[in-house]
Amino acid sequence: MGHQGIVVRVKPDGDMVVEERVHHDDVGVVHEYGQPRSTVPEPQEPLSRRQQAMVASFRAISTAAGKWDKGTGSEGAHYVGSKKNPFANAGMTCGNCTFFEGSNACSVVEGKIHSKGICKLWVIPESSMEEGE
Ligand code: SF4
């Protein structure tokens with residue numbers, strides 16, 4: 001029996017539809033009307049299917065609506081820098097997040113991002129997280 005895939009379909013007007021495919025392993029984002037299909041890049045560490053779906057969804061949202069800002073408003077990612085990240089010792093840092101691009105940049109949150117910061121959109125492989133208190 002195959003896995004149930006999840007695809008986020010992005011329409012030209014920005015609407016998004018989450019499509020579940022029974023017996024299909026695809027997880028990714030489809031841009032309609034001739035735009036290339038972009039699948040979730042192969043993560044360095046294995047992500048769960050839930051996390052893969054989160055990655056696909058957040059990338060689709062970022063494509064359709066722009067990156068999140070770093071603030072605490074409705075459009076904000078609630079980012080905190082290294083000095084205010086209470087979870088850094090548990091491995092919950094931007095540097096371990098799938099969206100971190102290095103050089104203080106994130107593919108879904110705008111602005112300068114510190115490798116030891118964190119935000120509410122984090123997607124980090126379980127193997128990179130250590131037991132916290
Ligand atoms: S936790 Fe991940 S999504 Fe959030 S700012 Fe850091 S790298 Fe970007």
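Start by selecting N104, which counts as partly exposed because it has 13 C-beta neighbours inside 10 Å. (Buried means 20 or more other C-beta atoms within 10 Å of a residue's own, exposed means 12 or fewer, and partly exposed is in between, with C-beta atoms placed from the backbone.) N104 is found in the loop between β5 and β6 (105-106), and its phi is near 60 degrees, a positive value in a residue other than glycine. Most residues other than glycine have a negative phi.

Two housekeeping notes before moving on. Residues are numbered from 1 along each chain as its sequence is written. This is a predicted model, where local features need pLDDT of at least 70 and side-chain atom pairs count only at pLDDT 80 or more, while totals for chains, interfaces and linings use all residues. Helices (H or I, at least four residues) and strands (E, at least two) are DSSP runs, numbered from the N terminus.

Next, pick E101 in strand β5. E101 counts as exposed, with 12 C-beta neighbours inside 10 Å. Leaving aside neighbours within four places in sequence, E101 is in contact with C106 and S107 (contact: C-beta atoms, placed from the backbone, within 7 Å).

Now jump to H78, in the loop between α1 (49-65) and β5 (100-102). H78 also has a positive phi, near 55 degrees, and it is partly exposed, with 14 other C-beta atoms within 10 Å. One residue that touches H78 is C119, which also touches A77, Y79 and V109, not counting residues up to four places away in sequence.

Of its 25 residues, C106, V108, V109, C119, L121 and W122 touch the most other members. The largest share, 5 residues, comes from α1. Domain 1 (5-65) and domain 2 (82-128) both give residues to this core, so it lies between them; the bounds come from an automatic or database domain assignment.

Finish with α1 itself. Its buried residues are Q52, A53, V55, A56, F58, R59 and A60. Just after α1, G66 takes a positive phi of about 90 degrees.

Key:
Core = buried A, V, L, I, M, F, W, Y, C linked by C-beta atoms within 7 Å. Contact = placed C-beta atoms within 7 Å.
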